[in-house]
Amino acid sequence: MSEPTPDPRTPLSAGRARWVLTILTITYTFNYLDRYLLTILLQPIKEELQVSDTLMGFMIGPAFALFYTALGIPIARLADRTNRRNLIALGFVLWSGFTALSGLARNWFELALARVAVGVGEAAGGAPSHSLISDTFPPERRAGALSVFQMGVYIGQVLGLGVGGLLVAPLGWRWTFVVVGLPGLLFALLLRLTIREPAHGVFDESAAAAEEPSFGDAMRTLFRLPTFRWLAIGTGLASFAGTGYGFWVPTLFVRVHEMSYAEIGPTFGLVSGASALAGTWLAGRLGMRLGRSDPRWLVLLAALAVALSLPFLCGVSLWPDATIAIA
């Protein structure tokens with residue numbers, strides 16, 4: 001006799017919830033691994049394809065970000081209505097497959113098209129995962145769960161820089177794309193087969209019972225909230241500056257400090273990734289602790305982190321000694 005199908009309205013057990021968080025964090029790790037792999041490959045790609053920094057910057061910036069950003073809202077809307085597990089798995093297959101296919105590009109235009117497809121796939125990695133986590137963990141545990149999930153960003157950065165730096169010399173940039181992209185297809189299958197889709201709003205009875213608002217109504221409601229407006233602007237600016245900066249830092253060390261890819265990839269990836277992981281874990285714990293007494297701390301912690309990073313970002317860029325700059 002087959003086992004009865006679990007009721008999606010029943011919250012997952014602690015063990016199953018941890019498994020969902022683990023798989024989603026691995027998925028997000030691949031999301032950023034495939035994204036940051038390109039940063040360590042910029043120089044060899046530029047040299048082989050004979051293109052300018054402007055075109056390389058367009059490929060890692062607007063060509064990727066415009067589609068990633070434009071599709072973020074409709075995919076998030078789709079996640080409110082459909083099976084989020086399947087949506088994430090489909091995006092996972094798309095971005096992993098086109099990461100591997102990037103190695104077959106014969107010119108800059110074909111590589112840019114492949115990166116556009118990677119951006120389309122990766123747009124399904126963020127919002128649906130946040131929604132799934134919110135229906136897996138109760139409100140009092142979400143900050144900690146989301147901080148663990150966010151660690152995938154920095155683990156992915158470490159692996160993208162480290163693995164890319166180690167592989168590009170013996171394999172070349174083309175095979176590096178292939179070797180890094182293909183394992184994601186297997187993990188996408190694992191996600192699809194081992195995660196159960198919970199009911200939407202399982203921890204929020206009022207949301208589950210309410211009629212779903214239209215997209216326009218939802219956006220008007222959000223933008224009437226000053227907190228949301230300032231969070232959107234602040235996090236957008238921080239991401240704009242941090243991502244653009246981070247993509248070019250390895251190339252800075254290769255060109256200015258004459259470091260090899262095998263040196264700068266693992267070294268910078270480990271140093272920046274380990275500190276970012278520690279900061280993310282600490283922020284999640286501090287957010288849960290301080291937010292209980294005053295929810296404004298959830299925003300103040302983020303603002304303080306961005307402000308405190310500025311002098312160190314300048315130091316990395318301007319310090320003449322590579323060792324101190326990395327430290």
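Predicted model: local features only at pLDDT ≥ 70, side-chain atom pairs only at ≥ 80, totals over all residues.
## Helix packing

Two packed helices are described by the angle between their axes and the distance between the axes. Helix α1 spans residues 14-49. Its partner here is helix α7, residues 139-181. The two pack at an angle of about 35°. Their axes lie 5 Å apart. The crossing of α1 past α7 is right-handed. The contact between α1 and α7 holds 25 nonpolar residues, 11 polar ones and three charged ones.

F30 sits in helix α1. F30 counts as buried, because its relative accessibility is 10% and the cut-off for buried is under 20%. The C-alpha atoms of F30 and Q157 are 9.3 Å apart. Along the chain, F30 and Q157 are separated by 127 residues.

Helix α7 also carries A169. A169 is exposed, with a relative accessible area of 66%. A169 and S260 stand 91 residues apart in sequence. Their C-alpha atoms are 9.1 Å apart in space.

## Salt bridges

Side chains of opposite charge can pair when their charged atoms come close. How many salt bridges does the structure hold? The count is nine.

| Salt bridge | N to O distance |
|---|---|
| E122 and R35 | 2.9 Å |
| D53 and K46 | 3.6 Å |
| D217 and R220 | 2.6 Å |

Take E122 and R35, whose closest N and O atoms are 2.9 Å apart. E122 lies in helix α5 (residues 108-122), while R35 lies in helix α1, so the pair ties together parts that are 87 residues apart in sequence. Is this pair buried or exposed? E122 is buried, at 0% relative accessibility. R35 is buried too, with a relative accessible area of 8%.

The closest N and O atoms of D217 and R220 are 2.6 Å apart. D217 is partly exposed, with a relative accessible area of 37%. R220 is also partly exposed, at 47%.

D53 and K46 meet through their side chains, at 3.6 Å from N to O. D53 is partly exposed, with a relative accessible area of 31%.

## Backbone: positive phi

Most residues other than glycine have a negative phi, and most peptide bonds are trans. Two residues are worth checking against that background.

Q50 has phi near 60°, a positive value in a residue that is not glycine. Q50 is in the loop between α1 and α2, where α2 covers 53-60. Q50 is exposed, with a relative accessible area of 69%.

E258 is not a glycine, yet its phi is positive, about 55°. Where is E258 placed? E258 lies in the loop between α11 (226-256) and α12 (261-293). E258 is exposed, because its relative accessible area is 70% and exposed means over 50%.

## Surface patch

Which residues make the nonpolar surface patch? They are W297, L300, L304 and L308. The patch has an area of about 380 Å². W297 belongs to helix α13, residues 297-318. W297 is partly exposed, with a relative accessible area of 31%. That value passes the cut-off for patch members, which is over 30%.

L55 is found in helix α2. At 33% relative accessibility, L55 is partly exposed. L55 and R224 are 169 residues apart along the chain. Their C-alpha atoms are separated by 39 Å.

Notes:
Residues numbered from 1 in each chain as written. Heavy atoms only, no water. Axes fitted to C-alpha atoms, helices over the stretch in contact; angles between N-to-C directions. Helix = DSSP H or I, 4+ residues; strand = E, 2+ residues; numbered from the N terminus. Left-handed = near helix turned anticlockwise from the far one by under 90°. Nonpolar A, V, L, I, M, F, W, Y, C, P; charged D, E, K, R; others polar. Patch = residues over 30% accessible without salt bridge, like charges linked within 9 Å, V, L, I, M, F, W, Y side chains within 5 Å. Areas by Shrake-Rupley, 256 points an atom, 1.4 Å probe, with all protein chains shown as cover. Salt bridge = Lys/Arg side-chain N within 4 Å of Asp/Glu carboxyl O. Buried < 20%, exposed > 50% of the residue type's maximum accessible area, 1.4 Å probe, protein only.
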